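I opened my notebook to look up a few things in one chain. My entries follow the structure.

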Amino acid sequence: MKRYSAFAIAREALRGHIGWERAWRSPEPKAQYDVVIVGAGGHGLATAYYLGKNFGITNVAVLEKGWLGGGNTGRNTTIIRSNYLQDPSAAIYEKARSLYETLSQELNYNIMFSPRGVLMLAQTEHEVRGYRRTAHANSLQGVKTEFVSPDRVKELCPIISLEGPRYPVLGALWQARAGTARHDAVAWGYARACSDMGMDIIQKCEVTGIRTEGGKVSGVTTTRGDIGCGKLGIVVAGHSGVVAEMAGFRLPIESVALQALVSEPIKPCMDVVVMANTVHGYMSQSDKGEMVIGGGADGFNNYTQRGSFHHVEETVRALVETFPIISRLKMLRQWGGIVDMTGDRSPIISKTPVENCFINCGWGTGGFKAIPGSGWAMAELMAKGASPLADGFEMHRFREGRFVDESVAAGVAH
Ligand SMILES: Cc1cc2nc3c(=O)[nH]c(=O)nc-3n(C[C@H](O)[C@H](O)[C@H](O)COP(=O)(O)OP(=O)(O)OC[C@H]3O[C@@H](n4cnc5c(N)ncnc54)[C@H](O)[C@@H]3O)c2cc1C
């Protein structure tokens, strides 16, 4: 595949853009692959990419029922951070964050990583204690974060109101190299690199059944015919329970809608990401100038990829009290995605009861930031049978009560 470069842009500009190739091929499915990945979201594509790059496994198909990146990967608010409390979480999220730093160069695709810094506001004494504790844990884990004063918060984000009507800002957990990236570009960049390695990315191909022989996976049934495989990776986020059922096992996952919205574009007014977990809203400004706003998860299980009005109202109310200057902004768009929540708010990267069938799910409201690290770990697990980054995230932890408990520490884990 031809490399993208400043020279290529200039050349194509001069000749009417007739020389661009398709970013990835659209092949017909083959009868058999060494590895099939179900789900062409960021995690599925990153798994395929690192299988090829780190282990030389390229006879791989990624099957997607819709279009690639059309699930949660293309619906999130793109926050990237690694300031988690527990050691296994900090390890995988920091691995992901550090891979994001150079992902554009590695994939030769501009994923627009913007390490603008993330502030997580402490608005109660409990949050102050919690975030100080996380900052201490992070320094032991080698993750660079600090607890900053209200004055420093105001310096970093001048549009914030420190004296909220309900909760004053008492400080914040600050991660300077956290930030955002362009979500579609992450999926597109991985897809292009996978296609370049000879892998088949097959869109509009829904997996409807999983075939096994003697307890071992042998292939999948799809809307485009049967496809055999040596190993299978299930990476379908909100639909994990549905696909696991096809393989005959159950998951401790609940699927709920999580939603977000964006405002009309305005002049640059904020160059950090702010998360206000007590009042519950978070916001950043996109390159186009829109304020990107994340809300809460529905309180009931469902598979509808849309939002509900009461969340919009609650989220906007929370943000208006945190940033009074946005009170007269018009909201342009609102959408939802189906997130896969575990009880401890940590992911599952695991073998399953079916031999050679692996699962990666449970990233819930916060898996965009993890894509490169998760793909790295899942590829290693699938290729070698174990991965240090996946240690602790096995399915059996729920049976044994060995949780990686981020539910209280993360509060809202975007
Ligand atoms: C509104 C919102 C805001 C968010 N904000 C953030 C954030 O700021 N930061 C952050 O880190 N995370 C955030 N997240 C979470 C993040 O988006 C997800 O954790 C992450 O994108 C999951 O990626 P994935 O590849 O596992 O899943 P997805 O991108 O959902 O990909 C799974 C794919 O599997 C496909 N699929 C399902 N069933 C089948 C089948 N039977 N056959 C074939 N294909 C199938 C789906 O069509 C889908 O494309 C947010 C999520 C939402 C919804």
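Predicted model: local features only at pLDDT ≥ 70, side-chain atom pairs only at ≥ 80, totals over all residues.

Entry 1: Eight strands form it, in the order 5-6-4-13-14-15-12-16, and the pairing is mixed. I noted what a strand is here: helices (H or I, at least four residues) and strands (E, at least two) are DSSP runs, numbered from the N terminus. Two strands pair if DSSP finds at least two bridges between them. Strand 5 (146-148) and strand 16 (331-341) stand at the edges; each has a single partner strand, so one side of each is left without a neighbour in the sheet. From one strand to the next, the twist averages 20 degrees. Helix 9 (residues 309-322) packs on this sheet. I found that helix 9 touches strand 12 (254-265), strand 13 (273-276), strand 14, strand 15 and strand 16. The direction of helix 9 makes about 125 degrees with that of strand 15. For such angles, axes are lines fitted to C-alpha atoms, for helices over the stretch in contact, and angles run from 0 to 180 degrees between N-to-C directions. Contact means that the C-beta atoms of two residues, placed from the backbone, lie within 7 Å.

I noted two ground rules. Residues are numbered from 1 along each chain as its sequence is written. Local features need pLDDT of at least 70, side-chain atom pairs count only at pLDDT 80 or more, and totals for chains, interfaces and linings use all residues.

**Entry 2: strands 14 and 15.** Strand 14 (residues 281-285) and strand 15 (residues 290-297) are antiparallel and pair over four bridges. I looked for the partner of serine 284 and found valine 292 in strand 15. The loop between these two strands holds serine 286. The cut-offs: buried means 20 or more other C-beta atoms within 10 Å of a residue's own, exposed means 12 or fewer, and partly exposed is in between, with C-beta atoms placed from the backbone.

**Entry 3: strand 2.** Next I turned to strand 2 (residues 60-63). Val60 and Val62 lie on one side, Ala61 and Leu63 on the other, and all are buried. In a regular strand, side chains alternate between the two faces of the sheet. Strand 1 (residues 32-38) pairs with strand 2 in the parallel sense over four bridges. Here isoleucine 37 has valine 62 as its bridge partner. Strand 8 (residues 200-202) also runs parallel to strand 2, joined by three bridges. Alanine 61 stands opposite aspartate 200 in strand 8.

**Entry 4: two positive phi values.** I looked up lysine 204, in the loop between strand 8 and strand 9 (207-213). Its phi is near 50 degrees, positive in a residue other than glycine. Lysine 204 is partly exposed because 13 other C-beta atoms lie within 10 Å. Alanine 237 has phi near 45 degrees, also a positive value in a residue other than glycine. Alanine 237 is in the loop between strand 11 (225-234) and helix 8 (240-247). With 25 other C-beta atoms within 10 Å, alanine 237 is buried.

**Entry 5: the whole chain.** I found twelve helices and 18 strands in the chain. Buried residues make up 50% of the 414 residues. The C-alpha atoms fill a box of roughly 65 × 65 × 40 Å, taken along the principal axes.
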